[in-house]
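Biologist: I would like to learn how to read a model like this one. Please take me through it feature by feature.

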Amino acid sequence: KAYPSASKLLLLSTCSGGGLLMYSDSSPSKRTLTADGQEIKKKKVVVLGSGWSGYSFLSHFNNPNYDVQVVSPRNFFLFTPLLPSVTNGTVEARSIVEPIRGLMRKKGFEYTEAECVKIDPSNKKIHCKSKDSTSLKGTTEFDMDYDILVIAVGAKPNTFNTPGVEEHAHFLKEADDALKIRRSVINCFERASLPDLTEEERKKILHFVVVGGGPTGVEFSAELHDFLVEDVAKIYPKVQEFTRITLLEAGDHILNMFDKRITAFAEEKFQRDGIDLKTKSMVVGVTADEISTKERGSGEVVSEPYGMVVWSTGIGSRPVIKDFMQQIGQGQRRVLATDEWLRVEGCDSVYALGDTATINQRRVMEDIAAIFGKADKGETGTLNKKEFKSVVKDICQRYPQVELYLKKKKLRNIANLLKSANGDNTELSIETFKQALSEVDTQMKNLPATAQVASQQGKYLAKCFNKMEKCENKPEGPLRFRGEGRHRFQPFRYRHFGSFAPLGREQTAAELPGDWVSIGHSSQWLWYSVYASKLVSWRTRSLVVSDWVRRFIFGRDSSSI
Ligand code: FAD
């Protein structure tokens, strides 16, 4: 039974020197009663972020023995897969956001609208900054203690330090970004429609450049093209002939994480649609008027005038995470590393989910080699058939990533991979085994930074917390994995349900489990139904469906409010 929440005590302290006021939320944790009637302190779980992983964690969390506090600068959950549709008005921004206050009330959690600016793992504290400078009597900063920290802050757009990108390009990560793009596109058309402009000036203003041929860049280009063809032609007929969309990609192909058939279809379709697709083209700088690219083959640098640039080339760690990584000895890494139970490596009581972290594969490979060593008992350096079979079973059971990789390579199991390395030998040496696995190591990519992974991780971790006490005495999983440094739970296991790439004009490419590829109008209907079902509430679901219907009947709204 949980006691009603004790009122929060905010201690006022003065920062030395600056005379700034700093609030410290070192309030005593709430209390709960054990089965035998003893009063114990509730552990305080602080969750950073209200995105895919944070929201999924919170909605599945169900253990009254913890006091949950959420800190996020955004008091809503954003359904990012429909964000490109907001940029042209197919869907309204409010239709894809879910306020988190409702969930907080339902679950009895507390929420603070603020950004965590520093994590102090040695003192189990976070330093936060509120958005509203009037809310804390002159100061915007405060501290918060935690017993357990769940980092779900996502990532920021990666500019690769390309000069001028931060200043001149648009990003597509937040609801505000999508609304800014929508306004900016309409403004370009209004500006290009002004009298006394030369043809060259109109062409420049209506040149839309998208950088990055990943799913987001491709989907945005397709949405923009639909808008130009279906709506602009009617609204701005005089300037329509001057519009141009250029999609720049540094690699050889767009959508290179998808099946080759999808890549080829998308490239052909874009060419047919008149989208200027330039692959092997790396952006080296952006100024207020021009974008410069370096061609990979010739090394030639070309500059072109543009009206608007949208940058979508992947993600990087947020500053607060970079600083945290320095503190815990992960400064050399690109992304925060966790183990398979999503615990941050080198840090106590801190978990990380979603785009902000990655499961350390090096550790996985070391573990796999150790499993081999254990089966061999360090004796002969070789495994017989029986030992080998049990090793393969262990590895696949414990490391779904290995299984996933093998499936992608169309190898039925790890035995096939090893067979290809070992030829017809009946015994397998440790060296051959390691050699074969190094192929897995180098080629097996980290889990993709997607909403699918983030929400599954949030759900997994919440379920671990829900059964924390039960598993204390009765750990899960096979006995052989319960050694030192292991967790009492089964490791996180990702299940891939497939991916979509909308290509415009009611056509979508779908790559589904079982190597099933479908492209065209039928997949578009599948896309509509999957995304409508994945929206987190009936409210957002009905709003999005009515937006789609409105767009079919009346077209898109072209006002720049
Ligand atoms: P996010 O969802 O980004 O959430 C991060 C949260 O942390 C936010 O609430 C943010 O406000 C908060 N935060 C940030 N900084 C701090 C801080 N310092 N302190 C506290 N809180 C902080 N994935 C798919 O699977 N399918 C798709 O179709 C798809 N389409 C996409 C389209 C677009 C345009 C984009 C941008 C992404 C898309 N993704 C898609 C990827 C998916 O959105 C991300 O992988 C997912 O959002 C990652 O979840 P997350 O919880 O790690 O981060």
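**Reading the model**

Modeller: Start with Ser 349, which counts as partly exposed because it has 15 C-beta neighbours inside 10 Å. A residue is buried with 20 or more other C-beta atoms within 10 Å of its own, exposed with 12 or fewer, and partly exposed in between; C-beta atoms are placed from the backbone. Note that this is a predicted model: local features need pLDDT of at least 70, side-chain atom pairs count only at pLDDT 80 or more, and totals for chains, interfaces and linings use all residues. Numbering runs from 1 along each chain as its sequence is written.

Biologist: What phi does Ser 349 have?

Modeller: Most residues other than glycine have a negative phi. Ser 349 has a positive phi of about 60°, although it is not a glycine. Ser 349 lies in the loop between β23 (336–338) and β24 (350–352). Helices (H or I, at least four residues) and strands (E, at least two) are DSSP runs, numbered from the N terminus.

Biologist: Where does Lys 280 lie, and what is its phi?

Modeller: Lys 280 sits in the loop between β17 (276–278) and β18 (281–286). Its phi is positive, about 55°, and it is not a glycine. Lys 280 is partly exposed, with 16 other C-beta atoms within 10 Å.

Biologist: How many helices and strands does the chain have?

Modeller: There are 18 helices and 30 strands. Of the chain's 561 residues, 37% count as buried.

Biologist: Which strand shows burial well?

Modeller: Take β15 (residues 207–211), where 5 of 5 residues are buried. Both faces are covered. His 207, Val 209 and Val 211 are on one side, with Phe 208 and Val 210 on the other.

Biologist: In which sense do β15 and β16 pair, parallel or antiparallel?

Modeller: Two strands pair if DSSP finds at least two bridges between them. β15 and β16 (residues 244–248) pair in the parallel sense, over 5 bridges. Val 209 stands opposite Thr 246 in β16.

Biologist: Now Ile 519. Is this residue buried or exposed?

Modeller: Ile 519 counts as buried because it has 21 C-beta neighbours inside 10 Å. Its place is in strand β30 (residues 516–520). Contact means C-beta atoms, placed from the backbone, within 7 Å. Leaving out residues up to four places away in sequence, Ile 519 touches Ile 262, Phe 265 and Ala 509.

Biologist: Which residues touch the most other members of the largest nonpolar core?

Modeller: A nonpolar core is a set of buried Ala, Val, Leu, Ile, Met, Phe, Trp, Tyr and Cys residues joined through C-beta atoms within 7 Å. The largest has 114 residues, and Val 47, Val 150, Ala 266 and Leu 353 touch the most other members. This core draws at least three residues from each of domain 1 (8–155 + 317–359 + 449–496) and domain 2 (165–316 + 497–554). Those bounds come from an automatic or database domain assignment. Beyond four places in sequence, the residues that Val 47 touches include Phe 57, Val 70 and Val 150.

Biologist: Which residues are closest to the ligand?

Modeller: A residue is near a molecule if its C-beta atom, placed from the backbone, lies within 6 Å of it. The ligand is surrounded by 33 residues, and the closest are Gly 49, Gly 51, Gly 154, Gly 354 and Thr 450. Elements giving two or more residues to this shell include α1 (52–60) and α15 (451–466). Domain 1 and domain 2 each supply at least three residues to the shell.

Key. Contact = placed C-beta atoms within 7 Å.
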